[in-house]
Amino acid sequence: MSTDSHRASHPALLPNGLTDLVPPVAAREWQAVHQLIDTYTGFGYMLVKPPLMEFEAGLLVGPGAALGAQTFRLMDPISRQMLGLRADITAQIARIAGSRLQKSARPLRLAYAGDVVRVSGTQLRPERQFCQVGAELIGAMMPSADAEIMVMAVTALQSLDIPNISLDLCLPTLLPYFLRESGLEGAALDDLEDAVRRRDREAVQQSAAAHKETIAALIAASGPIDEALAALKSIDMPAGLRGDLERLYAVVEVLHRDLPTLKITLDPLEHRGFEYQTGLSFTLFAKGVRGELGRGGRYRSAAATLKDDSGNGRIGEPAVGFTLFMDSIMRGLPHDEVEQRVLVPAELPLAERLALMGEGWVVVRALEGGLDDAALIAAAGEQHCDYRLRDGAPAKIQ
C-alpha cells in the first residue's frame, strides 16, 4: 500500500492544513468568537449567516474574484450548476447587502462569523480551514466609516486581552496608479514592480519610469505613523491620489483620539493581498504572534446597481470592512483561566445543579448513583474536576 493510500485510510489522519479542535481549544475558540461578535453587536452591527457554499457565479465576483484560485468547486447535482465552497465571507456579505437587504437603509452594518476553506495554505498561514469573524459597513463613503471599522476591530481584539496589538495602514491604490502611469511595458514594468516590492529605492530611481522620484519618496515614507505622515505630506502627489491621502489623514486623527496608545505604522505602497480594495486598507498584528490577526479596507460591492458618473456600467456600492482570523488569534490569546469544575452525585436535583451553574461552576454529574466518597473522588479526577460536592457545597479535592 502506498503512503498516500495509508494516510487516506487511517481515520485519525486529515489532509494537510485541516485539523480537529479538541478540548479545551475548541471551547476557547467558541468563547472568543462570541466575545468578538458581542463587541460588534455592541457597536450596532447586525449578525448575518450566509451558507457554506453557493453558485460560483455569485461567489467569485467583486471581493470574491481575488480568491478564485483558492476556491473549491463542485457540481450541484440538483441544479447542475457549479458551486463554490467559500474561501472568504466578504463576497457573501456584499451579495446579501445588494440583494436581500437592498432596500435596507444605508449605512448598513453587518457582522458575521464562520469557517472558510481554501485550496492551499501559505507559509504564514498553513491552515486551509479557519474561522473568520468580521464586519462590513456598507453604503458610506466618509472617512468616519473607515475609522469606525478600524476602531471596532482593535477594540474587539482588546476585549480578548491580546497584548501588543499594532495596526499597519496602506494605500493599495497607489502602486497600481504609478505602474499604469510609468510609461513602461513588459520586462521593464515587471522590474519596476519588483523593485517597489523589495522597497529598493535605488533601483526605482535608476529606472526610466515616470514619477520615479515620487515612488522612491513613498518608499521612504514608511514606518511609525507620525514620521511617515510627515514624510508623506512633503511629497508632491498627483491630483488623482489626493482624495486617498485626505482620507488617510482624517482616519489617523480619529485613531489617535480614540486609541491613543495604539501602535500605528504606514506602508503606503503595500498592495499584496489587497487586490480588491479600492482605498485605505489595514492589517492587524500582535507582537510575538505568527501571522495576521486580521485585515480590512475599503472596497466596492459588485452586487450593487450604482452607475458611474456618466450613467454607464456597474461601479458597485461603497463599503469598508474587516475580517479577523481565529487561527492567528488563538495563538495570541492569554493563558486560560482554569474552569471551576465540580463533580456532583447522580442524585442531585436539576434545580440545585442549575443553581451551581448560575454561580459560575461547570457542573459534571456522576452517571452512577450511590457512589461512596472514594468513588466520587476517583470519578472527579477522570472528569477533570478539581472539586466535588460535599455537604451541599463544592469542596476542593486534596
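1. Buried here is under 20% relative accessible area, exposed over 50%, partly exposed in between, with a 1.4 Å probe and protein chains only.

2. Before going on: this is a predicted model, where local features need pLDDT of at least 70, side-chain atom pairs count only at pLDDT 80 or more, and totals for chains, interfaces and linings use all residues. Residues are numbered from 1 along each chain as its sequence is written, and side-chain values use heavy atoms, leaving out hydrogens and water.

3. Now the neighbours of β6 (two strands pair if DSSP finds at least two bridges between them). Strand β5 (residues 108–117) runs antiparallel to β6, with 10 bridges joining them; Arg109 has Leu137 as its bridge partner. Strand β12 (residues 317–325) is also antiparallel to β6, through seven bridges, and Gly134 sits opposite Thr323.

4. On to the rings: the whole structure has four aromatic pairs (Phe, Tyr or Trp six-membered ring centres within 6.5 Å; planes under 30 degrees apart are stacked, over 60 edge-to-face, the rest tilted). One of them is Tyr40 with Phe322, edge-to-face at 5.4 Å centre to centre and 90 degrees between the planes. Tyr40 is in helix α2 (residues 25–42) and Phe322 in β12, so this pair ties together parts 282 residues apart in sequence. Tyr40 and Phe322 are both buried.

Technical notes: Helix = DSSP H or I, 4+ residues; strand = E, 2+ residues; numbered from the N terminus.
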